[in-house]
Amino acid sequence: MSAAKQEVAKRESTDVQAPKAREESLALAPAVDIYENAQGITVQADMPGVSKDGLRIQADRNSLVIEGNAVIDVPAAMEAIHAEVQATRYRRSFALSGELDAERIEATLKNGVLTLRIPKRAEFRPRKVEVRVG
Amino acid sequence: MFTNLLGGLDTNVFDEFRRLETEMDQILGRWAWPAGIRAVRRGTFPPINVGATPDRVDVYVFAGGLDPKTLDISMQQNLLAVSGSRKVEVDEAADYYRRERFDGDFRRVITLPDDVDPERVDAKYRDGVLQITVQRREAARPRQITVN
């Protein structure tokens, strides 16, 4: 996890120096499902064409950014005759709140679907309150 | 989709196509650019791109999280139909904030160029993209003519 965090820090500093407004506008926002249970929040994102190598997840206390580069097998001389997918990148970001533990996010990618599990810090997991009668 | 294959976003074959279409829309208005009779509303699942070379036509179906066994691909002349189903597991005990991902059965039908050979079709599914490759008939390929 520490190597991954270094990567996060590096990217943030280059982003500040060279904002990529045009690339940003070309990115697709992947469709997501987001749900919460007692353990934490789960984010699932459709990112077809993205492999493990093309995926980048940045997370800190306040934010979560999901980015992916889609790669498909295109022969050299190909011309587009129909195109509903209009960009090569996916990007979507979310604000995180303090009870979530960004250090312990688990990510899995299967068949172009990303699943992120963001656990709650132990002290924020709900405790059942017993009601005593009497 | 193909940045690393074609060397940069600007040369992306599908981006360029889309840009042109958008510009045509802006210049001429929607009505001047007739939609295909089988065109679907934007955002229909799954989105499809089609690319062609002189010898084959490739159809890319962007559908993550499929079980390839549920896919049914059929061709009648140059009409390609792809159907399947995607099941999104629901955690009954959870509170949902967003449910944007498609859940259920889908079917898409698209028209390919007239010269495709419905007997020579291949399909593969990788990283959530179904790629269907249809070969074109010999006669339709451009032929070099030598002058004697």
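Contact is taken here as heavy atoms within 4.5 Å. The structure is a predicted model, in which local features need pLDDT of at least 70 and side-chain atom pairs count only at pLDDT 80 or more, whereas totals for chains, interfaces and linings use all residues. Residues are numbered from 1 along each chain as its sequence is written, chains are lettered from A and ligands numbered from 1 in the order in which they are written, and side-chain values use heavy atoms, with hydrogens and water left out.

A nonpolar core is a set of buried Ala, Val, Leu, Ile, Met, Phe, Trp, Tyr and Cys residues joined through side-chain atoms within 4.5 Å; buried means under 20% relative accessible area, exposed over 50% and partly exposed in between (1.4 Å probe, protein chains only). The largest such core has 21 residues, of which Val59(B), Leu80(B), Leu112(B) and Ile132(B) touch the most other members. At least two residues of this core come from each of β1 (48-52), β2 (56-62), β4 (79-86), β6 (104-111), β7 (116-126) and β8 (129-136) of chain B. Helices (H or I, at least four residues) and strands (E, at least two) are DSSP runs, numbered from the N terminus. Another core, of 20 residues, lies apart from it and includes Val43(A), Val50(A), Leu55(A) and Ile105(A).

In chain A, strand β1 (residues 32-36) has 5 of its 5 residues buried, so it is largely enclosed by the rest of the structure. Val32(A), Ile34(A) and Glu36(A) point one way from this strand, and Asp33(A) and Tyr35(A) the other way. Strands are paired if DSSP finds at least two bridges between them. β1(A) runs antiparallel to β2 (residues 40-46) of chain A, with 5 bridges, and a hairpin of 3 residues connects the two. Val32(A) has Ala45(A) as its bridge partner in β2(A). β1(A) is also joined to β5 (residues 95-99) of chain B, antiparallel, by 4 bridges; there, Ile34(A) stands opposite Arg98(B).

Between the chains, 52 residues of chain B are in contact with 44 residues of chain A. The buried area, the accessible area (1.4 Å probe) that two parts lose on being put together, summed over both, is about 4300 Å², and carbon and sulfur atoms give 56% of it. The interface holds 6 salt bridges, defined by a side-chain nitrogen of Lys or Arg within 4 Å of a carboxyl oxygen of Asp or Glu. One of them pairs Asp46(A) with Arg101(B), whose closest N and O atoms are 2.8 Å apart.
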